Amino acid sequence: MKQTKMLIQTLREVPRDADVVSQQLMMRAGMIQKLAAGIYDYLPLALRSIRKFEQIVREELAKDGCQELLMPTVQPAELWQESTRWSFYGKELLRLKDRKDAEFCLGPTHEEVITDIVRKNVRSYKQLPMNLFQVQTKFRDEIRPRFGLMRGREFIMKDGYSFHVDDADADKGYWEMFNAYKRIFSRLGVKFRPVEADSGAIGGSFTHEFHVLAGSGEDGILSCDSCEYTSNVEKTEAPRIPAVDHGPAQGLSRSHFRTPGITAMEEQAKAFKDDAHDGLPLHQTSKVYWLTAEFPGEGDATRQVAVACVLRGDHELNPVKVKNYLGAADLQPMADGEDFCGAAPGFLGPLPQEGTRHWALHQAPKDALVYLVDRSLEGAVNLTCGANVTECHHFGFDPKRDLPGAVFLDLRMAQEGDLCPRCGKGHFQAFRGIEVGQVFKLGTKYSRKMNCVYVDEHGKENPMVMGCYGIGITRTVAAAIEQNYDADGIVWPWPIAPYQVHLLDLDPGNGEVRGVADGLERDLEAAGFEVLHDDREGLSPGAKFKDADLLGFPLRVMVGSKGLKDGVVELKDRRTKELRKVQPAALVAEVMEARDRILRELEIQGGR
């Protein structure tokens, strides 16, 4: 392919609205351009990479008998209401009405549609298991779309769904897809890890995410250095920590101790003084997170519950654990916590002050206010806590005594160095990752609500057990760049490079050079290589080198009059920067050898 005929406009400067490396490099390389917030045009180079990754996905899924179909992007509200997700999914669901005032949405995912298809077409146990997938555009109305293809509103996704007669068969299908995903990302040639994860709005009984490891990753990953336990930090179980002995329990100090201007936990601990204490260790302090949990009601109505989460002063709250425990549709920090508790920020506590809305709810029915306490405080006494009086704290707080009915559970964010709760031997190591795929075991969450049933060998109807399997196609391409770049530009993994060889004609006005370059292009393409031939005139070799580095194809061939005088052309490996002088007649064999070496290295470097 001649570069003069291809739609490529490279940029020297980094676009002002490009936040992360993949977005910067893809925009500079003329691969994508922004149409609206979170919505991008995929230009020819980007689309070539996208299609290559799609083909890897299709080939690996075919090995497990998966069937491809294509479902509509626009979905009727009735299906979502049938599954009860119409009100549960949240504001990421873009709702719209047609000219007849019927309600629809742009599909962020397709559980409802695929369940409808299967319930209309599959009746007998003899037709199961069945695994169906599509590669299609999705839309999720992200509140803050950013990072280019990493967190856009419109994106290309592979989503697949399996249907089974029972849990045992669903488990088998789950692990088949888990292993298929490992093959897919290994073929991609990136470093990745599968991690235990939270199922989020999709639902389901258990799930794994697949993360491309990159320092720019949004997701924290904790991995045991002794066993195989690896988990998204949102999901990671924190180890049990026995309550620290702080001496005989004392009564709660209702007279407070004054902490004017002190809101930080460390300063609060140092500020406490009495006859027995000149400051306290940080783990003897406590803090409260006031949250509002939202639950679906009848129709479009919602029900709100105030939630107090109490933790040690040196621990941080994991809101995903809270949301999952409560089964809430949404969970947000309380917008008016100061008014609710009657004190300024930094002095809020779990114990109500008379005359406040907190006090009123504390006296109300139990489902209006929930107290949750991290299990590391079960049995703890003599703690400090906010007094719900500005510039004051209590001493002597005993969560079990002072919050009757409180639930003790794992609320905290696990962290690097924590003892692994699975093996009890290793400790957590921290990584950053970009989530590019996820597998779910859905169970009968959708099939029961939508009456997706099969008839067994005894003539009895049973709900199908479902699995769900997604890969962010465009996000994975961007994640591969986040892991593979240098100061000069992209360093493409061979399997998804838009082109494999960048052939540079350094003297396009020289007939001999042009003739050799054209001949090498033909020979390489005849040998099965994808070649972009930079035949542009009016550019210096240096300018062509800069563009070639930016585009980042695995191999570069340079043809110039100076080299041809010595009977050679130059072959350069983009990743290692190794430069070799090769006779034109031997170039195809040298490129084949370089390709084989690169692919061997990718196999070694692939994720576990």
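Because the model is predicted, local features need pLDDT of at least 70 and side-chain atom pairs count only at pLDDT 80 or more, while totals for chains, interfaces and linings use all residues. Residues are numbered from 1 along each chain as its sequence is written, and side-chain values use heavy atoms, with hydrogens and water left out.

The chain is assigned domain 1 (15–237 + 429–482), domain 2 (253–409) and domain 3 (499–605), with bounds that come from an automatic or database domain assignment. Between domains 1 and 2, the C-alpha centres are 37 Å apart. Nine residues of domain 1 are in contact with 11 of domain 2, contact meaning heavy atoms within 4.5 Å. About 690 Å² is buried between domain 1 and domain 2, 46% of it from carbon and sulfur atoms; buried area is the accessible area (1.4 Å probe) that two parts lose on being put together, summed over both.

One salt bridge is counted between domain 1 and domain 2, the term standing for a side-chain nitrogen of Lys or Arg within 4 Å of a carboxyl oxygen of Asp or Glu. The side chains of Glu237 and Arg375 form a salt bridge at 3.8 Å, N to O. Across the structure there are 49 salt bridges. Helices (H or I, at least four residues) and strands (E, at least two) are DSSP runs, numbered from the N terminus.

Next comes an open sheet of three strands, ordered E13-E19-E18 with antiparallel pairing. Strands E13 (257–258) and E18 (383–386) are at the edges with a single partner strand each, so one side of each has no neighbour in the sheet. Strands pair if DSSP finds at least two bridges between them; E18 and E19 (residues 392–397) run antiparallel and are joined by four. Thr384 sits opposite Phe395 in E19.

As for the backbone, most residues other than glycine have a negative phi, and most peptide bonds are trans. The Leu128 to Pro129 peptide bond is cis, with omega near 5°, and Pro129 falls in the loop between helix H5 (111–121) and strand E7 (130–139). Phe147 has a positive phi, near 65°, in the loop between E7 and strand E8 (154–164). Asn451 has a positive phi near 55° and lies in the loop between helix H12 (445–449) and strand E22 (453–455).
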